[in-house]
Amino acid sequence: MKSTRVSGGGLLAAILLAVFALLFADVQDAQAEYGDVVINNYSDKAGMRPVVFPHWFHRIRFRCKVCHADLGFKFKAGGNEINMVKIIDGQFCGACHNGDIAWSVENCNLCHSGKPNTPTQVHESTIQKLAIPAGPAKK
Amino acid sequence: MKARYFATLLASAALFSVPALAQQSGKDVYSKVCATCHATGLAGAPRYGNAADWNARAGGGVGRFYQSALQGTAKGMPAKGGHMTLSDGEVKGAVDYMLAAVKDGLKLGKAEEAAPAKAETKPEPKPEPKKAEAKPAPTPAPAPAPAQQSPVAASAPAAIAAAAAAAPSGGDVNAFNRMLKPAGKRNLPPPEDGIHDPTVDGTHALQPPLAAFGTLPKSFAGNRVNWVEALDKNKISPRADRQDPNAVPVVMDLNVVREVKGSMPDVVYPHKQHTEWLDCSNCHPAIFNPQKGSNVISMAAILLGEKCGVCHGKVAFPVSECRLCHSKKKEMPAATAQGK
């Protein structure tokens, strides 16, 4: 135990902080809008903030079927394995976020605006309240 | 004069001996609780016996250390080290114990260094260094007495404040409906919602939900917007096609009644409201077999995000709104109605 003082200390601190961040920032402080989806499949690893997708904003403008049937979004947070290549190629978000129907991909921070290390999940969902995700980020 | 001083000392000793019995010493508390971080400097905690660590934080004097220990700090010190069962005196005793270890190298800030803070803790810890400091106390004759009583008197509000800080709602611990999200915490703008990073410009460019919800019909759950009614009354006009604003959805008007167990009203499933938003292929056949009676659905499955729970409890109204689905009253000859 004593020997870990120097090298292990930083690691332990990081783990502790992550746990604290999850416990406090995530569960208690988070007052996210119902249906907000955080997508953090690749963002953290790439040094980018995770994406926050606001369902409420989009359902005012589109019926569910436009994304979930026509564009092929699965009903699963993080389940579509979206990356920027696909978006620029016109798939998923890129079907609209192309500068034509909606603003295009150079507005990085409008989507990538989540707090770092926020795990992939549908916020305020029943399942989120029943089962708190075990690990920090990425699934 | 001298006799009187001893009398006060004795009286105060008697006063504090009772609670002191039940209390753990500063050293005990330190080794059980504080040492987790303060022995190694975990998470940036000032290390036990490292005068430099403590000097860097000594600007506010002992009082400031007590406050940090009791109420926690933004840097990561949890209130009372996360052990809310400790009394204020025990926490202060532990602080004293840690400060005693760096006493020689410690240069406390002037602010609260003098009489009140030191005198206050005199009875709590059993340790060594306090005796020396207690001596100057009698000189300002009447002052020490109230100061010595202050731990009891002052600890009560401090404990309440600390407990309140730990309560999820941040208010009264025994507040009514303390687990419910208070009205002021609903539909927060992105910078305050806990998942957006407020340090990014993008977060501040986003529309706050309430700016959009103002004119929409209300509900009691989810976004607190009745989306179906909003669509019905043309308060919103979401496109049915990505590009064509005039495309109309294929709406199917067919109610399916599901008989359910017990006294709960049967479920009426309206295709109409669902097909306003969704395509047949969204549900059929992956989630629901398009054959009446062939789908096994339970509330447990829905709660876990299956069947209806693929949407209800995530984006569509959650299961708290029982009667929106369970809406067809059974004709029940009271006691005999069972099963099904």
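Predicted model: local features only at pLDDT ≥ 70, side-chain atom pairs only at ≥ 80, totals over all residues.

**The sheet and cysteines of chain A**

Tutor: Among contacts in chain B between residues at least 6 apart in sequence, 51% join residues at least 24 apart.

In chain A, an open sheet is built from three strands, arranged in the order E2-E1-E3 with antiparallel pairing. Strand E2 (51-53) and strand E3 (121-122) of chain A each have a single partner strand and stand at the edges, so one side of each has no neighbour in the sheet. Strand E1 of chain A, residues 37-39, pairs with E2(A) in the antiparallel sense, and three bridges connect them. Within this pairing, Phe53(A) in E2(A) is the residue that stands opposite Val37(A).

The cysteines can be considered next. A disulfide is a covalent bond between the sulfur atoms of two cysteines. With a cut-off of 2.5 Å between cysteine sulfur atoms, the count over all chains is zero disulfides. Cys93(A) belongs to no disulfide: its nearest cysteine sulfur is that of Cys111(A), at 6.4 Å. Cys108(A) is likewise in no disulfide, and the nearest cysteine sulfur to it, again that of Cys111(A), is 9.0 Å away.

Note on methods: Residues numbered from 1 in each chain as written. Chains lettered and ligands numbered in written order. Heavy atoms only, no water. Contact = heavy atoms within 4.5 Å. Pairing = 2+ DSSP bridges. Helix = DSSP H or I, 4+ residues; strand = E, 2+ residues; numbered from the N terminus.
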